[in-house]
Amino acid sequence: MQRRTFIKHSGIMISAAAFSQCGLVTTDGPDNRKKRPHPDDHDSPVMKAIAIGMNAPNPHNTQAWTFRLDSNTRFTMFVDPGRMLPATDPIGRQIHIGCGAFLGVMAAGLADLGYRADINLLPEGPYSTDSAGELPVAFVNLTKGNTSADPVAAAIYERRTNRLAYSPVVITDEAFREILDMAQPSYSRFRVIHD
């Protein structure tokens, strides 16, 4: 059976942990330091997309993503249940935010390469934490065509963690009340700490 036929009919499951073994994490220089995955290291649009998305920030750097490669231009994204954080994230909220960051970074980077990512979120409906890994987070279809460059794309490979204060601007009480009115929190409380 040809590789393309096999992929098309059965799909391939691949997790973030496995990427280093299939060429997504490359080496740089004689000391073999790892660098960020880069789309130029791949020919297939779907592998380019995953390489870009792997650069997204994610909770505790878990990279809790698993993908089924449906074709060279389509993949299905799942949460990797083995990388969930039950002690700090029992409902999987952070992990799913990380999946959203992956999809956003991927779409921004692909636009720079001339691809549009059509993303269908929770295509089989919402699911409980017990079903993570069984039901998909997203179906992603890539199409080559007219796209507008995304200003976020230029920052993908320059991203660094920075915990310094960004500016001395203090949010006003009026602005905070506006935020509260828009958010309408029902399961939590918001408060501003000017420190």
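Is R116 buried, exposed or partly exposed? I looked up its relative accessible area and found 42%, so R116 is partly exposed. I kept in mind that this is a predicted model.

**Entry: the partner of R116**

Next I asked which residue forms a salt bridge with R116. I found D118 there, and the closest N and O atoms of the two are 3.0 Å apart. I then checked D118 for accessibility. D118 comes out at 32%, which counts as partly exposed.

**Entry: how many salt bridges**

How many salt bridges does the count come to? I got three. I noted the general idea beside the count: side chains of opposite charge can pair when their charged atoms come close. I then went through the other pairs.

**Entry: R68 and D70**

I turned to R68. This residue forms a salt bridge with D70, and their closest N and O atoms lie 2.7 Å apart. I looked up both ends. R68 is partly exposed at 27% relative accessible area. D70 has 17% relative accessibility and counts as buried. The limit settles D70: it is buried because 17% is under 20%.

**Entry: D80 and R83**

Which residue does D80 pair with in a salt bridge? I found R83, with 3.7 Å between the closest N and O atoms. D80 is buried, at 14% relative accessibility. R83 is partly exposed, at 30%.

**Entry: S71 in its loop**

Where is S71 placed? I located S71 in the loop between β4 (65-69) and β5 (74-79). Its relative accessible area is 16%, so I wrote S71 down as buried. I then followed the side chain of S71. It reaches the backbone nitrogen of T73, at 3.1 Å.

**Entry: T66 in β4**

I moved on to strand β4, where T66 lies. Is T66 buried or exposed? I found T66 buried, with 11% relative accessibility. I also looked up how T66 sits relative to M77. The two are 11 residues apart in sequence. In space, their C-alpha atoms are 5.9 Å apart.

**Entry: what I keep**

I keep three salt bridges from this predicted model. I also keep the S71 side chain with its reach to the T73 backbone nitrogen, and T66 with M77 at 5.9 Å, C-alpha to C-alpha.

Conventions:
Residues are numbered from 1 along each chain as its sequence is written. This is a predicted model: local features need pLDDT of at least 70, side-chain atom pairs count only at pLDDT 80 or more; totals for chains, interfaces and linings use all residues. Side-chain values use heavy atoms; hydrogens and water are left out. A salt bridge is a side-chain nitrogen of Lys or Arg within 4 Å of a carboxyl oxygen of Asp or Glu. Buried means under 20% relative accessible area, exposed over 50%, partly exposed in between (1.4 Å probe, protein chains only). Helices (H or I, at least four residues) and strands (E, at least two) are DSSP runs, numbered from the N terminus. A polar contact is a pair of N or O atoms within 3.5 Å; within protein, one must be able to donate a hydrogen and the other to accept it, and residues adjacent in sequence count only if both atoms are side-chain atoms.
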